[in-house]
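Please keep the sequence and the coordinates open while reading.

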Amino acid sequence: MLRRGLLTWVSRVGGLLVLLCCSLSLLYLMTCSPPHSDSAPLSHVLPHGGSNHPSLGGTGPMIGAGPSGTRGAGDIAQSGGPPAGHSYQKLLKEREEQHRLYISSLKKQIAQLKEDLQERSLQLKRVQESLKTAANGVAEGQNEGTESQGGGFGEVQGAKSQQSDLQEFLRAQLLKAEVTSGTRLPNEYTVVPFESFTLQRVYQLEMGLTRHPEEKPVRKDKRDELGEVLEMALYSLNTPSSQQDNRVPAEKTQTSKVYTPSDFIEGITRTERDKGTLYELSFRGEASHEFRRLVLFRPYGPLMKVKNERMDTSNILINIIVPLSRRADKFKQFMHNFREVCVRQDGRVHLTVVYFGKEQMNEVRRTLENTSREASFKNYTLLQLDEEFSRGRGLDIGARAWKGGNVLLFFCDVDIYFTADFLNTCRLNTQPGKKVFYPVLFSQYNPALIYGNPEHIPPVEQQLVIKKDTGFWRDFGFGMTCQYRSDFINIGGFDIDIKGWGGEDVHLYRKYLHSNLLVIRAPSRSLFHLWHEKHCADELPPDQYRMCMQSKAMNEASHGQLGMLFFRHEIEAHLRKQKQQNAKKI
């Protein structure tokens with residue numbers, strides 16, 4: 001029954017995909033077909049203000065395309081066309097380029113459809129194999145039950161004992177979880193909320209800054225998880241044993257419904273970290289007001305020790321690379337923290353500063369020389385580039401300038417504050433040829449808004465508190481990263497064509513995601529982005545200016561603090577009324 005239902009579903013999906021491929025191919029033939037007659041006059045080939053090509057969206061005249069009916073620039077000149085042959089040739093090249101891009105787009109769509117079809121076929125194959133394995137397991141169990149003698153009897157008994165212990169453990173996990181009954185909780189903050197999902201969307205509460213309240217399951221593990229749950233639910237619904245419900249015998253003899261993914265309405269899920277994941281799925285039943293609900297539970301197994309190793313970081317040097325242009329005052333603040341953390345506490349750090357331009361260059365050099373003299377620190381390099389600032393190019397040059405072997409690199413900015421604990425975290429989460437570290441830093445809100453008055457702002461070290469009203473996890477940023485120089489060189493480095501600030505970090509991050517290296521992405525409690533004022537240029541278009549202001553608001557204060565600013569007049573009026581009422585009572 002399951003196999004028939006899944007085959008019906010796959011055949012429907014396959015038919016729709018084939019129909020879509022045929023439609024795209026027909027559309028391509030219609031849009032790219034040549035004129036019907038090669039002897040047509042030139043006025044038909046190049047109509048004045050002719051209709052637009054459906055695949056190009058242009059407004060100019062249409063030129064016939066195709067191996068058999070194409071008219072080149074030479075053909076136009078021989079047909080007595082207008083003398084501006086060069087413009088027609090240019091137009092022809094533009095049309096050919098547009099056709100090429102359109103064909104490339106069609107090929108990509110067809111390839112995507114093929115991948116989807118292959119994925120569905122693999123899902124069906126996995127289900128069929130699981131059914132086959134289950135059937136074989138039952139047969140083997142029956143055969144083993146008949147064995148009473150032989151040398152393998154002890155091994156069979158041992159395997160059965162282990163399987164029984166595992167089943168007992170999984171049943172205990174199910175009983176401990178909130179599946180069939182609730183658990184007394186101390187307050188509302190200890191509730192583990194559910195997420196809801198459909199075939200195409202996941203609705204979630206814990207979002208961060210890069211996730212949305214409603215979104216497609218982008219991560220592969222999440223897609224595979226929900227896909228497996230849906231397959232298991234359909235298998236259970238379509239298995240003969242599950243069809244035997246409380247219906248009368250006459251109804252049981254009728255053909256039961258074959259459930260498909262289209263019958264799935266919605267589901268809810270939540271995870272208890274020490275027990276497992278609960279799923280509740282709702283399906284349409286056989287009648288209009290009838291539904292089927294399945295409750296599934298994925299219990300967590302016992303802990304397994306994977307590795308126990310000793311790591312010696314005493315000889316791991318970190319080369320901190322900072323690209324810089326002007327901002328000499330911020331660099332002084334950076335060097336104050338660098339001197340305390342890297343020189344006095346850690347002592348296994350090299351600093352590379354890549355400076356763009358000449359303005360304020362002397363101030364930066366003077367700051368480095370003062371630090372070197374006062375702290376007896378000689379492990380620094382100052383590189384000057386007389387060109388437009390490019391963060392990616394600066395980091396790339398700084399990384400390649402190192403000639404002392406395979407060093408651990410930390411790409412940093414001048415408005416970053418870190419502690420000695422972070423340097424150790426950087427060493428522990430990287431390994432040449434194996435792992436790169438992309439920490440999520442904590443971004444500070446505007447101290448003037450946090451503390452209410454500039455006079456009440458404490459020193460920087462006391463401001464760095466991880467709380468909801470002091471900042472946020474900058475989970476959309478990928479600029480601060482620890483990686484070995486060999487991995488950086490082998491992956492291809494930065495895209496040095498990107499100018500200005502931003503964009504280069506995402507390109508490098510995606511390169512690592514596409515490689516076989518393990519990317520460690522985790523929040524770091526000892527890495528902070530210090531607040532600085534964000535300027536939105538008046539020259540920006542209205543939509544970009546609005547986006548810039550939204551980004552500025554997000555970096556200024558929390559939702560609650562911005563609300564207090566917005567309603568400050570109402571709050572002040574309320575306080576005045578309260579003061580007047582108290583004065584009357586006195």
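Salt bridges within and between helices

E374 is exposed, its relative accessible area being 51%; exposed means over 50%, buried under 20%, and partly exposed in between, with a 1.4 Å probe and protein chains only. This is a predicted model, in which local features need pLDDT of at least 70 and side-chain atom pairs count only at pLDDT 80 or more, while totals for chains, interfaces and linings use all residues. Residues are numbered from 1 along each chain as its sequence is written, and side-chain values use heavy atoms, with hydrogens and water left out.

E374 pairs with R339 in a salt bridge whose closest N and O atoms are 3.0 Å apart; the term requires a side-chain nitrogen of Lys or Arg within 4 Å of a carboxyl oxygen of Asp or Glu. Because R339 belongs to helix α9 (residues 328-346) and E374 to helix α10 (residues 361-375), the pair ties together parts 35 residues apart in sequence. Helices here are DSSP runs of H or I with at least four residues, numbered from the N terminus.

Helix α9 also holds D346, which is linked to R427 in helix α12 (residues 420-428), 81 residues apart. D346 is buried at 12% relative accessible area, and R427 is buried at 1%.

A further salt bridge joins E225 and K222, with 3.6 Å between the closest N and O atoms. The two residues lie three apart in helix α6 (residues 220-238), so about one helical turn separates them. E225 is buried at 17% relative accessibility, whereas K222 is partly exposed at 21%. Through shared partners, salt bridges join E195, K222 and E225 into one network. The structure holds 15 salt bridges.
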